[in-house]
Amino acid sequence: MQHGKYRFIVGFLALPLGLYALFVIWPFIQSIYYSFTDWTGLSPEFKMVGLDNYRRMLDDEIFWKSLQHSLMFALVLPLVTISLALFFAFMINVGGRRRKGGPVISGVRGSSFYKIVYFFPQVLSIAIVALLFAFAYNPDSGAINSLLRGIGLDSVQPLWLGDPSLALWCVMAVLVWSTVGFFVVLFSAGMASIPADLYEAALLDGAGRATTFFRITLPLLWDTVQSGWVYMGILALGAESFAVVQIMTTGPGGPDYSTTVMVLYVYQKAFRDGQAAYATTIGVALLVVTLAFAALVMRLGRRERLEY
Amino acid sequence: MKTETPAPVPAEPGVPVAKVDSAAGPPRKEKKEGTTLNVFSHGILVIWAILVVMPLLWAVMTSFKDDSSIFGSPWSLPDTLHFDNWSRAWTEANMSDYFLNTILVVGGSLIGTLVLGSMAAYVLARFDFPGNRFIYYLFIGGMSFPVMLALVPLFYVVNNMGLLNTIHGLILVYIAYSLPFTVFFLTAFFRTLPSSVAEAAFVDGASHSRTFFQIMLPMAKPGLISVGIFNFLGQWNQYMLPTVLNTDPDKRVLTQGLVQLAVSQGYKGDWSGLFAGLVMAMLPVLAAYIIFQRQVVQGLTAGALK
């Protein structure tokens with residue numbers, strides 16, 4: 001198969017690779033370069049300023065807040081989402097009561113219904129979800145507070161997104177709401193490929209549900225959990241958190257910068273404040289955080305691969 | 001150092017194992033405990049299902065109400081079905097334009113992504129040449145980098161090329177940012193296809209590109225469908241890229257248009273129209289999901305399982 005091989009390879013790779021290099025690789029390289037300049041983004045002129053932007057960043061209180069919030073997103077969100085999803089997926093697939101004559105393991109009744117419903121938010125745009133919840137959180141006329149009034153809790157009327165100590169949690173709750181379903185389905189697929197005889201053996205040994213989960217399901221599912229963790233963390237540091245924070249919180253960035261995240265801060269510095277170079281500096285910090293997060297999860301989670 | 005995922009499995013003793021032969025059945029008390037646990041955990045499943053569905057139903061209900069009852073009593077049923085909200089959203093609030101723009105952008109970029117992605121993936125999966133590995137990792141590296149970092153210079157790259165605020169500019173950018181996952185997924189897929197068919201075609205005198213378009217691409221259909229659904233949803237729901245690169249009000253896509261609508265309705269006060277717009281944007285994807293449920297789930301989870 002040598003005949004015309006290289007012409008074919010070049011012909012097939014040129015367009016995709018060219019497009020990718022121009023719109024993805026080149027801007028990435030440029031932005032690292034710009035982080036050492038004083039480029040405003042408004043005029044084409046700029047000069048090198050060395051590490052000035054990085055020094056400024058270390059003194060920037062809002063940067064530290066956004067870093068702190070982004071780290072919260074990357075650690076708390078996957079933890080909550082994946083824990084919930086593992087519980088739901090286990091109940092749906094394995095947790096069912098054993099019926100006489102039925103298969104050794106089975107899900108609860110209506111398991112396929114739950115899988116369909118839980119997945120709903122995943123197909124919706126995060127922008128639409130964020131808008132919907134912004135209304136639900138409205139302190140005066142929103143659905144949540146009016147529900148609280150309806151059940152007689154007139155005194156419990158939080159400001160939700162307007163309360164600096166609550167706003168971040170409100171935003172995170174929305175992301176949990178919208179992503180749990182994806183992981184339930186993902187873990188369900190993983191659990192379905194665990195051989196039934198392993199469960200059978202555990203049952204014969206008298207293992208309860210919790211033991212079965214921690215000794216059989218979780219170890220065999222570990223690879224999926226780990227890659228899900230990285231996937232969720234990257235989302236929580238990037239596009240998803242941008243959409244929810246930008247759409248839902250006032251400012252955007254919340255009262256008293258209580259919800260600002262790194263990705264939003266990059267956007268605001270570049271396209272609102274005309275400080276493109278400083279924005280890329282924060283972007284580089286975001287890149288470092290993202291890569292460190294992925295490396296950390298992969299390293300901490302490394303264990304012997306179980307063959308089955 | 002190892003970490004264990006703390007999972008919220010109830011701490012109660014597990015459900016007793018019902019032995020098949022009932023003569024040696026478990027004691028009564030244990031059986032009862034198991035039932036309680038079952039009810040408890042099933043209850044949580046039901047509660048989460050309600051939590052998922054309720055906001056969506058609430059949005060549909062609200063889209064048929066007038067403004068005063070939206071604010072006065074958010075949970076009451078609409079007194080009459082205000083279909084005028086929907087027509088107002090469609091015409092006055094420009095939902096029809098947003099839909100059209102979205103269809104154009106997603107249509108163009110989906111086709112482009114699949115064609116270019118499968119071409120690159122095929123070459124990377126099937127041919128040995130110097131730099132193959134490097135190009136492959138260059139592509140998949142794009143999956144873990146924060147897109148926002150590139151967006152700052154990208155805005156100016158796109159601007160200098162005269163592509164800012166154009167539909168075709170947005171299409172090209174969507175394709176470029178969809179390539180990493182598409183190439184990653186399809187490369188793995190092409191590797192699983194048997195090589196004998198392609199070799200036979202080649203022996204029969206078919207050129208490389210003819211082999212690709214007439215033999216390999218049809219064989220790769222299941223993979224193309226999965227990755228196509230993945231990209232369709234990702235591109236249809238895309239918010240960050242158009243927010244940065246597409247600021248012309250006439251070119252707005254759905255997600256952007258709705259957010260702008262929400263901002264401007266604050267001054268105009270047409271909240272019922274906004275809810276109608278929201279539901280209008282939600283329904284097609286939800287309907288498509290319910291119809292193509294299996295394929296959608298496969299498409300969205302396939303990548304993460306690899």
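A nonpolar core is a set of buried Ala, Val, Leu, Ile, Met, Phe, Trp, Tyr and Cys residues joined through C-beta atoms within 7 Å. A residue is buried if 20 or more other C-beta atoms lie within 10 Å of its own, exposed if 12 or fewer, and partly exposed in between, with C-beta atoms placed from the backbone. With those terms in place, I turn to the model.

This is a predicted model, in which local features need pLDDT of at least 70, side-chain atom pairs count only at pLDDT 80 or more, and totals for chains, interfaces and linings use all residues. Residues are numbered from 1 along each chain as its sequence is written, while chains are lettered from A and ligands numbered from 1 in the order in which they are written.

I begin with the core. The largest nonpolar core has 178 residues, and those touching the most other members are Ala130(A), Val266(A) and Leu278(B). At least three of its residues come from each of domain 1 (34–82) and domain 2 (94–269) of chain B; these bounds come from an automatic or database domain assignment. The centres of the two domains, taken over C-alpha atoms, are separated by 36 Å.

What does Leu278(B) touch, leaving aside residues up to four places away in sequence? Its partners are Ile128(A), Leu131(A) and Leu132(A) in chain A, together with Ala59(B) and Leu258(B) in chain B. Contact here requires C-beta atoms, placed from the backbone, to lie within 7 Å.

Next, the interface. In total, 99 residues of chain A are in contact with 82 residues of chain B. On the chain A side, helix α1 (residues 5–34) supplies the largest share, 20 residues. Helices (H or I, at least four residues) and strands (E, at least two) are DSSP runs, numbered from the N terminus. By class, this side has 71 nonpolar, 23 polar and five charged residues. Ala, Val, Leu, Ile, Met, Phe, Trp, Tyr, Cys and Pro count as nonpolar, Asp, Glu, Lys and Arg as charged, and the others, Gly among them, as polar.

Chain A itself contains twelve helices and zero strands. Its C-alpha trace spans about 80 × 75 × 30 Å along its principal axes. Of its 308 residues, 48% count as buried. Among its contacts between residues at least 6 apart in sequence, 70% join residues at least 24 apart.

Twelve of the 16 residues of α10(B) are buried, including Phe230(B), Phe232(B) and Trp236(B).

Two loop residues of chain B deserve mention. Asn94(B), between α3 (84–91) and α4, has a positive phi of about 65° although it is not a glycine. Asn165(B), between α6 (147–160) and α7 (167–192), has a positive phi near 60°. Asn94(B) is partly exposed, with 19 other C-beta atoms within 10 Å, and Asn165(B) is partly exposed, with 17.

Finally, confidence. pLDDT is the predictor's confidence in each residue, from 0 to 100. Chain B has a mean pLDDT of 82, with 85% of its residues at 70 or more. Over residues 1–30 of chain B the pLDDT is below 50, and this stretch has 49 contacts in the model beyond near neighbours in sequence. For the complex, the predictor gives an ipTM of 0.87 and a pTM of 0.85.

Note on methods:
Two residues are in contact if their C-beta atoms, placed from the backbone, lie within 7 Å.
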